Amino acid sequence: MPPHERQASGPSPQNKGRARRLVSILLSFPYSMILGGIGTLRQAANCLLPAKHPPRKATSCTEHPSADKAKLAVAPAKRALLIGSSYKPPCELPGAEDDVNMMIDVLKNHGFAVEDECFVTTVCGSAATRERILNAWEKLISDTCNNDIVVIYYSGHGGLADPQTADVNQQVSRIQFMVPYDFDIKLETWKGILDSEISHLLREITRKTRNVTYILDCCHSARLGRRPGGKGRPKALMLKKSDHRKLLKHVEELRAAKRLFEDDNWSNPDVVRIAAAAADETAWEFPLGEGSAGALTAALAPLIRYPGGQASWRQIMLGVAAIVGRQFERDEKPQQPRSAGPDTRFPFTLERDESKAFLAIIDTDHTTIQGGRVQGIHQTDRYRLRPLQTSELQPDTGTATPVEEEIEIEVDEANGFSASAGEISDKSFPLGLAYASPVRRSHRWPIQFPGSLAGGDVWLHESGFFRECGQNESPLVEFQLLGDEVVLKSGTLQLGRRQITDHVCLQQAIGELFPYAEMLAQAQYLLKLEPGEGTEKFTPKVEIEIGLVVDRKRRKLAHYSEASWALETAYLADNNTLTTERDTIHLAEDDSIYMLIENKSETKAYISIFCVGAGGETTMITRAWEKGMEVSSVFGPQLIATKRLPLTGLPINWPKSVPIQEGVTETLMFVVTSQETDLRILETVPPEGDHVARGVDSASWSFPEAYNIIRIHYGLRPTKSLDA
């Protein structure tokens, strides 16, 4: 690469110096000052000396700098592509390059060879053109090997264009894109990077490795909002709805060149996605010291600075959202950072954390847990608080010490989406934030063990979901000893069986089945949930159509509205007969269905849809809308299917944990809220992949105040023989 091009591919010398000072502030100063506000940080920035990066060396791309040749066969490489698109005046974002330098420091602590251009590539400033970004991304795909660790980071503007009219059958509706430095605002030539182009690139890289993290510090919106406190700079470009037609022309050209991946209802299950804001929300850049920083990056970098933390991406982003929210005035709408994909992973690993912790906010006189009855939290439940920081930086030595203190609390009161506990010492939680993990629930379900089993109390003690079954009550689940088999049942439904052998004793067999019992118990909290009452009551005019997909066409089965529930001619796939039974939809294994959801009121609503299987497997069908799918009269009906064109329905499968039997009843749960909220914590099984594409999403700066619950049951018959 010629010298002038090599220099252009990274941050400019001027911005490097400014960014180094910014990184020193954010990563070396006491983190409590970050929460003190922008003014405090600016004052601190002027007092600190810059920390210099060593010059980047150009080594052979075939030689990994952190391992000798003998280790190359087993040690995955750590690779990163860091993009900082400042764009052009008058919409420039000087903090984009500062953000990239902040990420360089973070990745260095995680063992990335940031000095080696073959493993960590930066594309910043005027070099961040469409062509160079795509070339660098293609090279990353080419260089990546099996099991490599890959990070793709972008700081800059995001763009969005909505169609002028809503059409449930149109192939391209909302168009989102990255804004490179050479973006043509007149759209005469296409210099942006479409979301479907990015999906194609991510799909190509996950063909080689499952360990991919994609971080976007930009707007996903074309709408400019209020400036937070007058200090912020929006990271979005304004486009008119009439521009949507111009964009469609470029989409068609890219489609013809096979540069797009357009399975609208598929979301890459191997990519952790970190976003600065919702789909129609503005992300912000703030002045900081002598430079600027994206609100997402400034809050995220300190929380992931050190490897070996105890929090997953999902938990970390709960804290990031709270920290970012503190930079906005009370009457301002803050941006809402979020995570998606397999975000229960620990940063830059494939290891998962399934602890299902909530975020707790520690105030002077009480503690608030960001979860309530809808998420399964009730009065007198007990939770363990763990500090948000997994390590504390000592400014004098520059070293980190673990923060290990934990406190147990009891819930005093719970409403639909939040819960409170008594006063605790905020000295134990210097950030005023903590993770709250369940210890024991106040309402536990009765369970029964075989009479010959000794040590059943151990299971009850270790589980937060069960209690001993009373003499005159029916257990939710029961372990029965039938000959040399242990059978797990709930009423007449068989949930599983294990054989006792010379190598598997009774206790071991129960131990293998016990997680299935807990899964069923967890599902009960959702199945028993009642609609909100009083001030929490919410009844928008939501109508739901459910039907089969047959020969790529919709065949209506049932229609729900607040006023009525009507079954059309329900189709039975096993013998092609029809029924007019009114209470239950009848489906068969291997059927595929669609849902059409419409909000006919002027009130905006957010819907999260769950399928609760017979064995308690609870999967969030709308998981790609992390905080609920927005439905409003503006957008018209929303189609839920695997693919719109050609129409492909959601597959109906027999529940994996339940042996084949005559038939079972399963439930579709629709949780309708007045504000967006993340309900993924209600899932009881890790999803194999997201069912539907990311859709309309919007911001909220308060807990949802109202909600409604809609249940639709369906009967499921197997197609396989009972003897199979």
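**Helices, sheets and selected residues of the predicted model**

Helix α11 is kinked by about 35° at Leu513, shortly before the proline Pro515. The bend at a residue is taken as the angle between axes fitted to the seven residues ending there and the seven starting there. Helices (H or I, at least four residues) and strands (E, at least two) are DSSP runs, numbered from the N terminus. The structure is a predicted model, in which local features need pLDDT of at least 70 and side-chain atom pairs count only at pLDDT 80 or more, whereas totals for chains, interfaces and linings use all residues. Residues are numbered from 1 along each chain as its sequence is written, and side-chain values use heavy atoms, with hydrogens and water left out.

Helix α11 covers residues 506-527; at 1.5 Å a residue its 22 residues should span 32 Å, and the end C-alpha atoms are 31 Å apart, which agrees. The expected span of a helix is 1.5 Å times one less than its number of residues. For α6, the 12 residues should span 16 Å at 1.5 Å a residue, and the distance of 16 Å between its end C-alpha atoms agrees. The buried residues of α6 are Ser196, Glu197, Ile198, His200, Leu201, Leu202, Ile205 and Thr206. Buried means under 20% relative accessible area, exposed over 50%, and partly exposed in between (1.4 Å probe, protein chains only).

Over the chain, the secondary structure comes to 11 helices and 39 strands. Of the 724 residues in the chain, 56% are buried. Among contacts (heavy atoms within 4.5 Å) between residues at least 6 apart in sequence, 75% join residues at least 24 apart.

Strands of a sheet pair through backbone hydrogen bonds, either parallel or antiparallel. Two strands are counted as paired if DSSP finds at least two bridges between them. A barrel is closed by 6 strands in the order β13-β14-β19-β18-β15-β20, with antiparallel pairing. From one strand to the next, the twist averages 40°. Helix α9 (residues 313-325) packs on the sheet and touches β13 (358-362), β15 and β20; the direction of α9 makes about 135° with that of β20. Axes are lines fitted to C-alpha atoms, for helices over the stretch in contact, and angles run from 0 to 180 degrees between N-to-C directions. Leu385 has Ala436 of β20 as its bridge partner.

An open sheet of 3 strands, also with antiparallel pairing, has the order β4-β5-β6. Its edge strands are β4 (157-161) and β6, each of which pairs on one side only. Between β4 and β5 the antiparallel pairing runs over 5 bridges, and Ala161 has Ile175 of β5 as its bridge partner.

The loop between β5 (175-179) and β6 (193-194) contains Leu187. Leu187 has a positive phi of about 65° although it is not a glycine, and at 5% relative accessibility this residue counts as buried. A positive phi, of about 70°, is also found at Arg552, which is not a glycine. Arg552 lies in the loop between β26 (542-550) and β27 (553-560).

Lys208 is located in the loop between α6 (195-206) and β7 (211-217). At 30% relative accessibility, Lys208 counts as partly exposed. Leaving aside neighbours within four places in sequence, Lys208 is in contact with Ile141, Ser142, Thr144, Cys145, Asn146 and Asn147. Lys208 and Ser142 are 66 residues apart in sequence, and their C-alpha atoms are 9.4 Å apart in space. The Lys208 side chain reaches the backbone oxygen of Ile141 at 2.8 Å and that of Thr144 at 3.4 Å.

Arg680 is placed in the loop between β38 (664-673) and β39 (707-717). With 2% relative accessibility, Arg680 counts as buried. Its side chain makes polar contacts with the side chains of Asp343, at 2.9 Å, and Asp678, at 2.8 Å. A polar contact is a pair of N or O atoms within 3.5 Å; within protein, one must be able to donate a hydrogen and the other to accept it, and residues adjacent in sequence count only if both atoms are side-chain atoms. Not counting residues up to four places away in sequence, Arg680 touches Arg314, Ser339, Ala340, Gly341, Asp343, Met620, Arg623 and Glu626.
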